[in-house]
Amino acid sequence: MNASYPKVLVADDDRIVRRIVVAKLSGLGYEMTEAQDGREALDLLEGGHVPDLVITDSLMPRVNGLQLVRALRESADPALSELPVIMLTSRRGERDVIEGLKTGLDDYVTKPFSPDELAARVHTALWRAGKRRPT
Ligand SMILES: [Mg+2]
């Protein structure tokens, strides 16, 4: 991988959650972009703003996390269809997780989540995708 840090897009309609994720990952050097929901995330992604990994909430207005994963996996652009995605879900989000995993979701973290655990899962997903070496 090149010298620059990986880029991560976080989509969540909860500003506090976005702030926690951005604080943790930018503190580790990741370049962060935020989206307020899946629609905004898709607009960024389809507009050519393609990060190395996406973290998405499951429950969001307009386009939810599962719909976002589906849209990416169905994309004709390999940069989007192969983009690693980690979903943030509630305890009751088992259905979304199962559907997401069937659709090509890479990993998930249940809210309330540990920022350290999320960072570790981001790191591993990037490593698996060949975008970062293990440390
Ligand atoms: Mg939400």
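The buried residues of helix H5 pack against helix H3, strand S4 (85–89) and strand S5 (107–110). Here, buried means under 20% relative accessible area, exposed means over 50%, and partly exposed lies in between, with a 1.4 Å probe and protein chains only. Helices (H or I, at least four residues) and strands (E, at least two) are DSSP runs numbered from the N terminus. This is a predicted model, in which local features need pLDDT of at least 70, side-chain atom pairs count only at pLDDT 80 or more, and totals for chains, interfaces and linings use all residues. Residues are numbered from 1 along each chain as its sequence is written, and side-chain values use heavy atoms, leaving out hydrogens and water.

Let us look along H5 itself, which spans residues 94–103. Asp96, Val97 and Gly100 are its buried residues. They lie on the same side of H5, because they cover an arc of only 100° around the axis, taken from the directions from the helix axis to the C-beta atoms. On the other side, Glu94, Arg95 and Lys102 are exposed. After H5 comes Gly104, with a positive phi near 115°.

Now turn to Val69, which sits in helix H3 (residues 65–73). Val69 is buried, at a relative accessible area of 0%. Leaving aside residues up to four places away in sequence, Val69 touches Val85, Met87, Gly100, Thr103, Gly104 and Leu105, where contact means heavy atoms within 4.5 Å.

Finally, visit the magnesium ion, coordinated by Asp13 (OD), Asp57 (OD) and Leu59 (O) at 2.0 to 2.2 Å. Asp57 is buried, at 5%, whereas Leu59 is exposed, at 59%.

Terms used. Donors are N, O and S atoms within 2.8 Å of the metal (3.2 Å for Na, K and Ca); water is not among the atoms, so sites may look incomplete.
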